[in-house]
Amino acid sequence: MKIIIVGCGKVGATIAGELNEEGHELTIIDQDRDALENVTGSIDVMGVEGNGAIYNVQMEAGIKEADLLIATTGSDELNILCCLIAKKAGDCHTIARIRNPEYAEEVNYIREELNLSLAINPELATAREIARLLKFPSAIKIDTFAKGRVEIMKFQIPDDSVLHGIKVFEIAQKTHSNVLVCAVERGDDVLIPNGMFELSAKDKISFISSQTESSKFFRAAGVKNNSAKSVMMIGGGKITYYLTKMLKDVPIKITIVERELDNCKMLSESLPYAMVIHGDASDQKLLLEEGLRQTEAFAALTGFDEENIMLSLYAASQSKAKLITKVNRISFEDVINSLNLGSVINPKLITADLILQYVRAMQNSLGSNVETLYKMSSHAEALEFRVGKDFPMLGVPLEKMTLKSNLLVACINRRGKIITPRGKDTIEVYDTVVIVTTNKGLNDLKDILM
């Protein structure tokens, strides 16, 4: 598809990189020539220098032929204006990044009345992901498929786990749970395991199951997975604000540490059910006095990556809390992943994933049958396909199909019944099928076949 991105800051550049890998034709608009040249020099995109809210600039970028415009500048109002002009000039789909908490309550009205295809709030989306992780503290990452009936969870195997040293095919029998291990991260490698693959402590494994089965699996594996009863959040920014509001009716003790006095006053007034501490979180004595060693979850959510990393490492040395670390830059991803930072949350990547899901949904109307797409890591993704009548292997047992390498049929949803696939299972018309793979660019279920 032909896609125009307005704004090539951190979010715009990340989205451009992800969409470029998907093979879309991209044009980026930005007033900053240096930033524009940095992006156009690193990936295959066209660049247009100018204000994305100007009609002539959008015309130069090819708005008449565009399928989608994504506005990701630092101004909510400018993003909305860019989308309004794009709808009038090109009648294309539009996505606006809208971050201001004052607009959060109005986002549905804004989207409907201004005819936006999608309004994305990165901080709100990030808060939702953290809220899910607080519900399942043992998980590093959680994604959902089949309209919420199925979850893919990632967690790290502890040193003393019964999973250490057993083969994948033995898991169901030894844990008495119906789960399927679909990816293993070992060091820098991402592997799609077969039944004879042997798990090891420190492996980060992704498994797919229903919510009931995942709870049984964690219990059998000796992994404590009760919802966190207390959380300490460092930093009083937008993510902390949204997350605390989401936890309002959850039985969880919330402590917020914020160094700016004005922010503390605002948070205390708007979030009376949270304890707001005015202080510098780099003060180790302060953290210990406020209950660091007793808290069940610790979220480093300041605006500085280095501070968040150091705070999480310190928290890991002092407690057994579930760690959540916000990181904005992804330049040192391998180094970050090697540290004990718990769940690493990147708002830019969450935003990019949401936009990729929307783009895939748009492609459905253009012939693709991808329902949902999730990035499981930098090398692996999970895709949910609708099964049409043209799939050539309808009714054929999976064990008789010749599938591409580094690919796994992870789940079959048949009219609401969730099937964990085994060799004798078949794919039928109108099923939705979840595929986990390290291969890029799968647009049709037929692409899984050799």
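Phe207 is buried in this predicted model, with a relative accessible area of 0%. The residue belongs to strand β11, which covers residues 204-209. Phe155, which counts as buried at 1% relative accessibility, forms an aromatic pair with Phe207. The arrangement is edge-to-face, with the ring centres 6.1 Å apart and an angle of 85 degrees between the planes. Because Phe155 lies in strand β8 (residues 150-156) and Phe207 in strand β11, the pair ties together parts that are 52 residues apart in sequence.

A further aromatic pair is formed by Phe217 and Phe218; this pair is tilted, at 6.0 Å centre to centre and 55 degrees between the planes. Phe217 counts as buried at 0% relative accessibility, and Phe218 likewise counts as buried at 0%. Ring pairs link Phe155, Phe207, Phe217 and Phe218 into a cluster. Over the whole structure, the search identifies 7 aromatic pairs.

The protein as a whole contains 15 helices and 22 strands. The C-alpha trace extends about 65 × 60 × 40 Å along the principal axes. Of the 450 residues, 55% are buried. Among contacts between residues at least 6 apart in sequence, 62% join residues at least 24 apart.

Notes: Residues numbered from 1 in each chain as written. Predicted model: local features only at pLDDT ≥ 70, side-chain atom pairs only at ≥ 80, totals over all residues. Heavy atoms only, no water. Helix = DSSP H or I, 4+ residues; strand = E, 2+ residues; numbered from the N terminus. Buried < 20%, exposed > 50% of the residue type's maximum accessible area, 1.4 Å probe, protein only. Contact = heavy atoms within 4.5 Å. Phe/Tyr/Trp six-rings, centres within 6.5 Å; stacked < 30°, edge-to-face > 60°.
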